[in-house]
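Take a first look at the structure below. Then read on for a short tour.

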Amino acid sequence: MHEKCGVVGVSLEDRDAARPLYYSLYALQHRGQESAGIVTHDGFQQHSHVEMGLVGDAFQQGDLEDLNGSQGIGHVRYPTAGSVNASCAQPFSVSFKSGSLGLSHNGNLVNADEVGDQLADLGHAFTSDGDTEVIAHDLARNLLEEDLVRAVKRTMSRIHGSYSLTIMHDDTVLGVRDPEGNRPLCIGELEDGYVLASESAAIDTLDGELIRDVRPGELVVLHADGTGYDTYQLVQPENTAHCFFEHVYFARPDSVIDDELVYEVRRDLGRALWDESGIDSDVVMPVPDSGRAFASGYAEAANEDDDADGVEFAEGLMKNRYVGRTFIMPTQDERERAVRLKLNPIKSTVEGKTVTLIDDSIVRGTTSNQLVQLLYDAGAEEVHVRIGAPPIVAPCYMGIDMASREELIAADQSVADIRDEIGADSLAYLSIDSVAGALSKSKADLCLGCVTGEYPYDIDGEAKDREVDRPAIGTAASADD
Ligand code: SF4
């Protein structure tokens, strides 16, 4: 599974924005590794540098020096909609009659084709097949007729799906979160300005203070002189649809999302896992690094439980950090061996022991099967697997690169079948109710599409979990609608 993107925007009083944006993109690198980019504005014109590759490779010293201006936006991308090439790398820039626009998008529209087709009929020429360009053109068109706030509102009334955006209109930086708040976006204060970012870890990196999350349906406009910001609640949602997987898997553990520290949520999920399906064993160990916080919460709850025997928390699997995404695995057989390159058990921690292995998810099941086998090979007597999220039964259409239904092991198999397939002595997942409890949210305010098969958006061929319809495109909506 891969997160699609990370976005950032800054407006400073009297200092170039390029370097703070660059540091922020480093802090958000886990959200996208295919391309990185920054667009700034110096009050007269836009400057842009967008490259394929990691942040550290995409920018050289001279590139940052050429990005003049105290306002700017940035983006890291892992593509799920649009091609894997430079034309879809972001921020996306467009110049039009009344100025310049830059756009960074995290999420995925489910009606981009409809809006794009209508704009193409109206004469807009697209240079990519990405949904971000559709938003940029729609906004550019609306800005010909409306002021900034009303233009954003009109675009929001036409696009349907998941989006957290940082936008630059000339030298004004904006942040927008979709009415369901599916992907995160927060605002922070710096000594000499303000910052919008996908995760608060980026604000920490700049020595800033997290102010709060941008609210679902809210537009935040940073003052171009870096001294403040205005906010507009453009859409008042009845219910939100926060992606629970941000907390379980994607976000950095040191980020605060929707008022919850991700690390603590993961520990609480681990504690709930013990309450629901704890099993006495000699050792509890995480799959590194994804299972660590869950396993620590699980072990803590186990050791507080008077009815349990107590358990040792141990790092029994060591990770080779130098096996990266570029590792070449030409055959399926070699792909299946890859786990042995990435993880190695510490034999003395495992040998002759009953082991509980904790992770955050099982997608295809291949890795889990190999990990269980590794532990048996290292001498484990029993291997029990506990997963800090419900089974993934359906794909994601909101910007997470997840497997298709055919590839998802839980799409058509019971927990008992999966246990047999991965070769564990026992297997348990966390319930949806416990996930909602750990996030302190009602299930009605979460997106649970990938674990229920019912979505909070109107997606072709899929069931909905609420009364929701995509907007009718082609009936020119007005900002007052
Ligand atoms: S379907 Fe799953 S991964 Fe996608 S947004 Fe919803 S909860 Fe997140």
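## Before you start

This is a predicted model, in which local features need pLDDT of at least 70 and side-chain atom pairs count only at pLDDT 80 or more, while totals for chains, interfaces and linings use all residues. Residues are numbered from 1 along each chain as its sequence is written, and side-chain values use heavy atoms, with hydrogens and water left out.

## The ligand and its cavity

Let's begin with the ligand, which sits in the largest cavity. To "sit" there, more than half of a molecule's atoms must lie within 2 Å of the grid points. On a 1 Å grid over the protein atoms alone, a cavity is a set of points where a 1.4 Å probe fits but cannot get out; a pocket is an open set with protein on both sides within 12 Å along at least five of seven lines, and lining residues have an atom within 4 Å of a point. The largest cavity holds about 100 Å³ of space, a volume being the space filled by probe spheres set on the points, which are joined across faces, edges and corners. A search of the whole structure turns up 6 cavities of 30 Å³ or more.

Of the 14 residues lining the largest cavity, C243, C396, I400, C447 and C450 lie nearest its centre. Helix α8 (244-250) gives the most to this lining, with 3 residues, and α16 (449-452) is another element that supplies at least two. Helices (H or I, at least four residues) and strands (E, at least two) are DSSP runs, numbered from the N terminus. Around the ligand itself you'll find N182, R183, C243, F244, C396, M398, I400, M402, C447 and C450, where being near means having a heavy atom within 4 Å. By class, that shell has 8 nonpolar, 1 polar and 1 charged residues. Here Ala, Val, Leu, Ile, Met, Phe, Trp, Tyr, Cys and Pro count as nonpolar, Asp, Glu, Lys and Arg as charged, and the others, Gly among them, as polar.

## The second largest pocket

Next up is the second largest pocket, with about 480 Å³ of space. The elements giving two or more residues to its lining are α6 (148-158) and β8 (161-169). The lining has 21 residues, and H160, P179, E180, V235 and V468 lie nearest the centre. By class, the lining is made of 10 nonpolar, 5 polar and 6 charged residues.

Helix α6 is largely enclosed by the rest of the structure, because 8 of its 11 residues are buried. Buried means under 20% relative accessible area, exposed over 50%, and partly exposed in between (1.4 Å probe, protein chains only). Among the elements covering the buried residues of α6 are α4 (112-121), α5 (131-143) and β8, contact meaning heavy atoms within 4.5 Å.

Helix α1 (residues 18-27) is mostly covered too, with 7 of its 10 residues buried. Those buried residues pack against several elements, including β2 (5-12), β3 (35-41) and α7 (200-205).

Most residues other than glycine have a negative phi, and most peptide bonds are trans. The bond from Q90 to P91 is cis, with omega near 5°, and so is the one from P288 to D289, with omega near -10°.

D207 is not a glycine, yet its phi is positive, at about 60°. You'll find D207 in the loop between α7 and β12 (209-213), exposed at a relative accessible area of 71%. S440, in the loop between α15 (432-438) and β26 (446-447), has a positive phi of about 55°.
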